[in-house]
Amino acid sequence: MATPEEQLATMIANIPDKTGKTLEEWIDIIQASGLQKHGEIISLLKGEYGVSHGFANLLVSKSKETGEEVDLVAEQYSGAKADLRPIHDAIVLYANALGGDVEVAPKKASVSLRRKKQFALITPATKTRVDLGLALKGEEPEGRLETYNAMCSHRVRLESTADFDDEVKAWVRESYERAG
């Protein structure tokens, strides 16, 4: 199975074949649109150009690599927390595969995953752990699924990409489905 980094590299390499334009051409289109918000740009790419959601999300992210959104994630996973970045990337890659309506919204200290409403929150909590908050109100906490806070009813503590296993992915999928 390919790593998240390998999957991302494959998607980037496939941009011209799957979308009909190079990454540079898409970045020019995005910049010329004058749009700033992630969701608005995704809507433009999907609606006006017929780009699939996964590629639209990738194109927006790549277009903002010198902008605030990518910088926020890069700052979260800098220094002592740098080794946690693959966990974040694996979660985002999986979430984007759930459906064409996932919005990835970086904040200063976390990344929100939203549909019609937030369904997950990725937070590099310590030097060795990412907290994955999930909106699973009504679920009994058991095993790795713990109670959390008002924003996300539950959390799972992840210390490696191996911790983001089928059990955790099932909880992410359930949270995603509830947010629709």
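## The strands

Let's start with a pairing: strand β2 and strand β3, the latter spanning residues 118-124, run antiparallel to each other and are joined over four bridges. Keep in mind that this is a predicted model. Three residues lie between β2 and β3, and the two strands form a hairpin.

β2 has a partner in strand β1 as well: β1 covers residues 103-106, β2 covers residues 111-114, and they pair in the antiparallel sense over four bridges. Here Pro 106 stands opposite Val 111 in β2. This pair is also a hairpin, with four residues between β1 and β2.

Now for the helices. Two packed helices are described by the angle between their axes and the distance between the axes. For helix α3 (residues 38-49) and helix α4 (residues 53-63), the axes come within 9 Å and cross at roughly 130 degrees. Angles over 145 degrees would count as roughly antiparallel and 65 to 115 as roughly perpendicular, so α3 and α4 are oblique to each other. The crossing of α3 past α4 is right-handed.

Which residues in α3 and α4 meet? From α3 come His 38, Ile 41, Ile 42, Leu 45 and Lys 46, and they meet His 53, Ala 56, Asn 57, Leu 59, Val 60 and Ser 61 in α4. By type, the residues of this contact divide into six nonpolar, four polar and one charged.

Terms used. Residues numbered from 1 in each chain as written. Predicted model: local features only at pLDDT ≥ 70, side-chain atom pairs only at ≥ 80, totals over all residues. Heavy atoms only, no water. Axes fitted to C-alpha atoms, helices over the stretch in contact; angles between N-to-C directions. Parallel < 35°, antiparallel > 145°, perpendicular 65-115°, else oblique. Left-handed = near helix turned anticlockwise from the far one by under 90°. Contact = heavy atoms within 4.5 Å. Nonpolar A, V, L, I, M, F, W, Y, C, P; charged D, E, K, R; others polar. Pairing = 2+ DSSP bridges.
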